[in-house]
Amino acid sequence: MIFLQIKYDLNIWLVIVIGVMGSILGRYILTLYIPFIAGRIFKESKNEDVQFLGEKMKEKGWKSQMAIIAYSLLPLPTTPLFLAGGMAKIKPLYIIPAFFVGKFTSDTIVVNLGKYTSENAQNIIDGILSWKTITSLLIGLIFLFFVLFIDWRSLIQKNKFQLNFRIWK
C-alpha cells in the first residue's frame, strides 16, 4: 500500500480502505479453507484442541474482541490469529470486525508514515537486519508455536501445561 501510494501519488484514504478490504478478504478466505486443510495435515486431537480454544475464545465476549484488536495493532503477522480461528471453526464474522478496527488503525498509521520512510530508504536498508526485525519474526513464530503445540484443553480445564509435538498426520 505504501509503495502504490507513494509511487503513483494516490489518495491515501482510498489506498488504506482498498488495502484493508483486500486484507480482510484474504483472511476471510483463509478461515474458510483452513479447517479442510487442517484436517488433512494435523492429528484429530490437535484440531479438537484448537476448536476447544476457539470455544473458550467465544465465551470471553468483548474481552476476546479487545484481544483481537490489540493483536491486530501490533506489527506482527495476523495469520496465526486467523489460522487458529479457522481451525477452531470460529465464524469469520466473529473475528473480522475487531480485526478491521485494528488493521484499519495500524494501516492508517503505517501508510501515513510511509512518506517519511521512503525519504529515508538508505537508513532502512542499513537496518534491515536489526534486533527489531529479528524480534518481530521470533514473536510471530512463538505465537504460532503456542497455537500448535500447547495442549490448550489440558491447560484450561486442568491447569496443566503440556506440550504436544505429535500433531502431524
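Let's start with the surface. The chain exposes about 10800 Å² of accessible surface, and 68% of that belongs to carbon and sulfur atoms. Those areas come from the Shrake-Rupley method with a 1.4 Å probe; for residues, only the protein chains shown count as cover.

A word on the source. This is a predicted model, where local features need pLDDT of at least 70 and side-chain atom pairs count only at pLDDT 80 or more, while totals for chains, interfaces and linings use all residues. Residues are numbered from 1 along each chain as its sequence is written, and side-chain values use heavy atoms, with hydrogens and water left out.

Now the overall layout. The chain has nine helices and zero strands. Both are DSSP runs, numbered from the N terminus: helices are H or I with at least four residues, strands are E with at least two. The C-alpha trace spans about 55 × 35 × 30 Å along its principal axes.

How much is buried? Of the 169 residues, 35% are. Buried means under 20% relative accessible area, exposed means over 50%, and partly exposed is in between, with a 1.4 Å probe and protein chains only.

Next, contacts, meaning heavy atoms within 4.5 Å. Take those with a separation of 6 or more: 74% come from residues 24 or more positions apart.

Charges, quickly. There are 19 positive and 10 negative side chains, and the centres of the two sets lie 7 Å apart. Lys and Arg count as positive, Asp and Glu as negative; His and the chain ends are not counted. Each charge is placed at NZ of Lys, CZ of Arg, CG of Asp or CD of Glu.

On to helix α8, residues 131–149. Its 19 residues reach 26 Å from first C-alpha to last, close to the 27 Å expected at 1.5 Å a residue. That expected span is 1.5 Å times one less than the number of residues.

Which residues of α8 are buried? Gly-140, Val-147, Leu-148 and Phe-149. They sit on the same side of α8, because they cover an arc of only 165 degrees around the axis. The arc is taken from the directions from the helix axis to the C-beta atoms. This buried set packs against α3 (44–59), α5 (79–87) and α9 (152–158). Turned away from the buried side are exposed Trp-131 and Lys-132.

Last stop, Thr-78. Look in the loop between α4 (62–73) and α5. Thr-78 counts as buried because its relative accessibility is 4%. What does Thr-78 touch, not counting residues up to four places away in sequence? Arg-27, Tyr-71, Ser-72 and Phe-99. Phe-99 is 21 residues from Thr-78 along the chain, yet their C-alpha atoms are separated by 8.8 Å.
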